[in-house]
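Dear colleague,

I am passing on the structure below, together with some notes on what turned up when I went through it. Please read them alongside the coordinates.

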Amino acid sequence: MSNLLLCQGNFCTFLCPHGDDLCLNSLKDLFNRATNLSQDIYNLSSKMFKEFDKRYAQGKGYITMALNSCHTSSLPTPEDKEQAQQTHHEVLMSLILGLLRSWNDPLYHLVTEVRGMKGVPDAILSRAIEIEEENKRLLEGMEMIFGQVIPGAKETEPYPVWSGLPSLQTKDEEARHSAFYNLLHCLRRDSSKIDTYLKLLNCRIIYNNNC
Amino acid sequence: MKENAASRVLFILLLFLYASLLNGQSPPEKPKLIKCRSPGKETFTCWWEPGADGGLPTNYTLTYHKEGETLIHECPDYKTGGPNSCYFSKKYTSIWKMYVITVSAINQMGISSSDPLYVDVTYIVEPEPPMNLTLELKHPEDRKPYLWIKWSPPTLTDVKSGWFSIQYEIRLKPEKATDWETHFAPKLTQLKIFNLYPGQKYLVQIRCKPDHGYWSEWSPESSIQIPNDFPVKDTSMWIFVGVLSAVICLIMVWAVALKGYSMVTCILPPVPGPKIKGFDIHLLEKGKSEELLRALESQDFLPTSDCEDLLMEFIEVDDSEDQHLMPHPSKEHMEQGVKPMHLDPDTDSGRGSCDSPSLLSEKCDEPQAYPSKFHIPEGPEKLENPETNLTCLQAPQSTNGEGKIPYFLANGPKSSTWPFPQPPSLYSPRYSYHNIADVCELALGMAGTTAILLDQTDQHAFTPSKTIETGGEGKAAKQRESEAYSSEPDQDMAWPLLQDKTPLFSAKPLEYVEIHKVSQDGVLALFPKQNEKVDAPETSKEYSKVSRMTDSNILVLIPDLQAQNLTLLEESAKKAPPALP
């Protein structure tokens, strides 16, 4: 495998400076695993959302409340293909890391609070648990990739903090369900973003835009 | 007049209204948004269903606003998507953002608006079916033939950059069959199908699905005719394998049938039944145990007279008037009598059961004699080096109550016959026994002047004591062993050990035997010791034959049953020593 040349405009760098096969193969392997994880997280969150919607949100119009409710909306994520392709891989990677980190805390509380819900279907609870676990693993993997692709990267940037715990714990059942709906809706969206960005990076870095 | 005009207008209006009501005209019904779809996550189209138009020409307008924006936009393109549709081009499409879309129907009578539809383009992706489906029959040499299916990704999907990820699914069936055979192709745009039936016409279809989104429609059918002579499977090999295995099975069956029994015995040898000499099964069946035992007894099973053969024989030094070594089962010399023990040269440990003190005491006729073993070390190399590493070990009271069994511990090669150039030594008709203690004393000399030369090449002489157990001595051996070890450090201790014991036969003078030397083949030369105390001419001597050597280098002596050689040996003994090897 020839060395990976990463070009952004006129600026090109070698991904594995020493060109050794171990570095290249390990990077390919890391990306492979990361995309598998991100795809899995998306599948789980999508199913979880649909299950919740079917069971608790029919005819309630929670969607209107869910607009603009994601805590990660402050992150400057690209919103179409052209924008994403013009974003530097370093920026894209740090965005992914920021998203993953900002979901650690909400996922933890999601599991705790879902457990406490009366009559919660197992499909929702088990998926929540699995997503929390896989999110951590993906974060680890991403940090490894980040370290390899951008050696000497600066320390972690601040990430958006979630503050929706009180609304998850409120006594008002309607309000609580609405809060859950919001959280699951945002989770589905952000996991889709992470998945798409990773696949973009994978094709760009490993396969040189020739997937 | 004016009043007339106003009322007239009102009247006409009412008339119109009435007329229109009669005609069925009304404001349009609420339209309904059916669905929105994006073929490649870069554009999307929405379709609506119009309601009743109220009898009047109705216009439809689609308006939307995006999540986080307040500005309301109208549909940019009503035409591209067909009637009652709105097409959003790349410019107007954002991913991961909610669109709130509404369609309004306007006619002369009024306006009706649909319910808003909340759309996120991410989740409405439905690609076109894959394109360029090609079917090709391939038949490479030395490999199985197959159907090679190829296709390309659908339009409007950007797979190369990674923006769009697709999975494929293919299904095929013979034309007349009802069930489809489906295959999954995760990423590649080709598939190989094996195991097709020749002479059939196959129909093939393909569809695809994005990583987040809906399955596409099935592509139009492609068909291919499999020729009749198409080799479906590599059957010739399987036929060969089948025939071969059948032949092998037949051979095996035939072999088993012919030699079944012998094969079975070869694989599973029968358990040997008990074969006890003198054991009459019939008696057992009858339940006459007494007869059975008697029958057994009549055989030589139980050591009665045979016991004597099994028992070791000892050289007995007799203090009788003859004043010569006489095999003499005289008990007065013995502390506790002597048990004749005869060991066949070829005896094995099994027979040594008679050696065991317990057996002997129980079964043998001899009174409480105890087995004594006369062990003489062999170490021909050390002949010139007569170190008296002799240790006479007095066995402590064995748990069998056998009393002391002194031992000479020796090491050396296997025993051979008694060491005299003449044929094995004579003996007296009677078994000669020798109390080892006596021998010890004889050997070591109460006065300490005897010099039984024992070669003891190394300290290991003591170690054989461990293996005394092999003779079946059991605990007794262990005790001896412990005594052996205890006395090991200082061999001189052995001397006082013996000397501490009361002489076994004190009053009577004894003739001493001197082991002169030991030859290379383990031939021991015993020499009567000239003792000034013993005023006796040289007389016939009794000699013992070394019957065997145990593993522990213990020499087992038996009297030789050739009396006629006695004199010969006597004489030769005198001459022999220098001549002995």
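Does C203(A) count as buried or exposed? At 5% relative accessibility, C203(A) counts as buried, where buried means under 20% relative accessible area, exposed means over 50%, and partly exposed is in between (1.4 Å probe, protein chains only).

Before the rest, two remarks on conventions. This is a predicted model, in which local features need pLDDT of at least 70 and side-chain atom pairs count only at pLDDT 80 or more, while totals for chains, interfaces and linings use all residues. Residues are numbered from 1 along each chain as its sequence is written, chains are lettered from A and ligands numbered from 1 in the order in which they are written, and side-chain values use heavy atoms, with hydrogens and water left out.

Disulfides

In chain B, C36(B) and C46(B) form a disulfide with their sulfur atoms 1.8 Å apart, and with 105 degrees about the S-S bond the link is right-handed. Because C36(B) lies in strand β1 (residues 32-37) of chain B and C46(B) in strand β2 (residues 44-49) of chain B, the pair ties together parts that are 10 residues apart in sequence. C36(B) is buried, with a relative accessible area of 3%, and C46(B) counts as buried at 0% relative accessibility.

The interface

Taking contact to mean heavy atoms within 4.5 Å, 25 residues of chain B are in contact with 29 residues of chain A. The two chains bury about 2400 Å² between them, 53% of it on carbon and sulfur atoms, buried area being the accessible area (1.4 Å probe) that two parts lose on being put together, summed over both. W96(B), Y123(B) and W163(B) supply 30% of the area that chain B buries against chain A, more than any other three residues.

Salt bridges

A salt bridge here is a side-chain nitrogen of Lys or Arg within 4 Å of a carboxyl oxygen of Asp or Glu. The search finds 20 salt bridges over all chains, and the count between chain B and chain A is seven. The side chains of E67(B) and R189(A) meet in a salt bridge (2.9 Å, N to O); E67(B) lies in the loop between β3 (59-66) and β4 (73-74) of chain B and R189(A) in helix α7 of chain A, so the pair joins two chains. Both E67(B) and R189(A) are buried.

Within chain B, E126(B) forms a salt bridge with R37(B), the closest N and O atoms being 2.8 Å apart. This pair links distant parts of the chain, 89 residues apart, with E126(B) in the loop between β8 and β9 (131-138) of chain B and R37(B) in strand β1 of chain B, and both E126(B) and R37(B) are buried.

Finally, D158(B) forms a salt bridge with K81(A), with the closest N and O atoms 2.6 Å apart, while the side chains of K90(B) and E42(B) meet in a salt bridge at 3.2 Å, N to O. K90(B) lies in the loop between β5 (85-88) and β6 of chain B and E42(B) in the loop between β1 and β2 of chain B, so the pair ties together parts that are 48 residues apart in sequence. K90(B) counts as partly exposed at 42% relative accessibility, whereas E42(B) is buried, with a relative accessible area of 12%. Salt bridges that share partners join K81(A), E82(A), E42(B), K90(B) and D158(B) into one network.

Notes
Disulfide = S-S within 2.5 Å. Helix = DSSP H or I, 4+ residues; strand = E, 2+ residues; numbered from the N terminus.
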